[in-house]
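Please read the following account alongside the sequence and the coordinates.

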Amino acid sequence: REDFVEAAKWLKGRADSTGKVAAVGFCYGGSIANMLATRLPDLAAGVAFYGSSPNAADVPKIKAALVIQSAETDERINASWPAFEAALKAANVPHERHLYPGTQHGFNNDTTPRFDAAAAKVLRNELLIFSRWCQVMLRFEKGMYENPEQDLNKLWWDLVEKYQLLKRPAGRSAPDYGSKIHICSAPVYY
């Protein structure tokens, strides 16, 4: 486990890095993504695919937004969810959990008989949406702090178009970036 902590630090410190690291993991890797969230206070985000929950006592250390992907039939992983969820809520950790009906642990792995193509497609779309959203938010906040006098709505929509592939509404000049409450409640400092 310490190798993963050191690897994340190494990635963050590379000259070609933005200095932001996120963790995505499947099965054991999902457990590692959850563990890294407790160990790295500057982890940008974590996505755990049917990974074990971290120790409840460590959950208040989590500062990253988490997305938890779970199979419906996964007794060991699901048994720990109620305590993990309670700890996340108590610590005000931004998180969401997706439970995929009719699936088993490892349903995203197309090399096993547990593979569920329909659920895997939904799951992959969730990951894509989450990662694109993180790209917009991190870059918007960085740009906002670097130059707060710029046209923030233009910055917002430039990033939304680039990373989320959504077109800005024609003729709209409202401060759409201001509708995202987490900018005010959990800013990213650069």
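In which helix does F140 lie? F140 lies in helix α4, where helices (H or I, at least four residues) and strands (E, at least two) are DSSP runs, numbered from the N terminus. The model is a predicted one, in which local features need pLDDT of at least 70 and side-chain atom pairs count only at pLDDT 80 or more, while totals for chains, interfaces and linings use all residues. Residues are numbered from 1 along each chain as its sequence is written, and side-chain values use heavy atoms, with hydrogens and water left out.

The protein has an average pLDDT of 88, and 94% of the residues score at least 70; pLDDT is the predictor's confidence in each residue, from 0 to 100. Over residues 181–190 pLDDT stays under 50. For that segment the model has 21 contacts beyond four places in sequence, a contact meaning heavy atoms within 4.5 Å. Where pLDDT is low, the predicted coordinates should not be read in detail.

Helix α4 covers residues 117–146, which is 30 residues. From its first C-alpha to its last, α4 reaches 43 Å, close to the 44 Å expected at 1.5 Å a residue; the expected span is 1.5 Å times one less than the number of residues. D116 caps the N-terminal end of α4, with a side-chain oxygen 3.3 Å from the backbone nitrogen of A118. Such a polar contact is a pair of N or O atoms within 3.5 Å; within protein, one must be able to donate a hydrogen and the other to accept it, and residues adjacent in sequence count only if both atoms are side-chain atoms.

The buried residues of α4 include A119, L123, F130, C134, M137, E141 and M144. Here buried means under 20% relative accessible area, exposed over 50%, and partly exposed in between (1.4 Å probe, protein chains only). An α-helix has 3.6 residues a turn, so residues three or four places apart point the same way. F140 is also buried, with a relative accessible area of 0%. From C-alpha to C-alpha, F140 and P113 are 42 Å apart in space, and they are 27 residues apart in sequence.

Aromatic rings come next. Eight aromatic pairs are found in the whole structure. Rings of Phe, Tyr and Trp (its six-membered ring) pair if their centres lie within 6.5 Å; planes under 30 degrees apart count as stacked, over 60 as edge-to-face and the rest as tilted. F26 and F49 make a stacked pair, 4.0 Å centre to centre with 15° between the planes. F26 lies in strand β1 (residues 22–26) and F49 in strand β2 (residues 45–49), so this pair ties together parts 23 residues apart in sequence. F26 is partly exposed at 37% relative accessible area, whereas F49 is buried at 0%.

W133 and W156 form an edge-to-face pair, 5.8 Å centre to centre with 80° between the planes. This pair links distant parts of the chain, with W133 in helix α4 and W156 in helix α5, 23 residues apart. W133 is partly exposed at 26% relative accessibility, and W156 is buried at 2%. Ring pairs link W133, F140, W156 and Y177 into a cluster.

Turning to charged groups, how many salt bridges are there? The count is eleven, a salt bridge being a side-chain nitrogen of Lys or Arg within 4 Å of a carboxyl oxygen of Asp or Glu. One of them joins R39 and E2 at 2.8 Å, N to O. R39 in helix α2 (residues 28–39) and E2 in helix α1 (residues 2–13) are 37 residues apart, so the pair links distant parts of the chain. D42 and K12 meet in another salt bridge at 2.0 Å, N to O. This pair also links distant parts of the chain: D42 is in the loop between α2 and β2 and K12 in helix α1, 30 residues apart.

Most residues other than glycine have a negative phi, and most peptide bonds are trans. Phi of N92 is near 55°, a positive value in a residue other than glycine. N92 is in the loop between α3 (75–90) and β4 (95–104), and N92 is exposed at 69% relative accessible area. Phi of L165 is near 60°, also positive in a residue other than glycine. L165 is in the loop between α5 (152–164) and α6 (182–185), and L165 is exposed at 56%.
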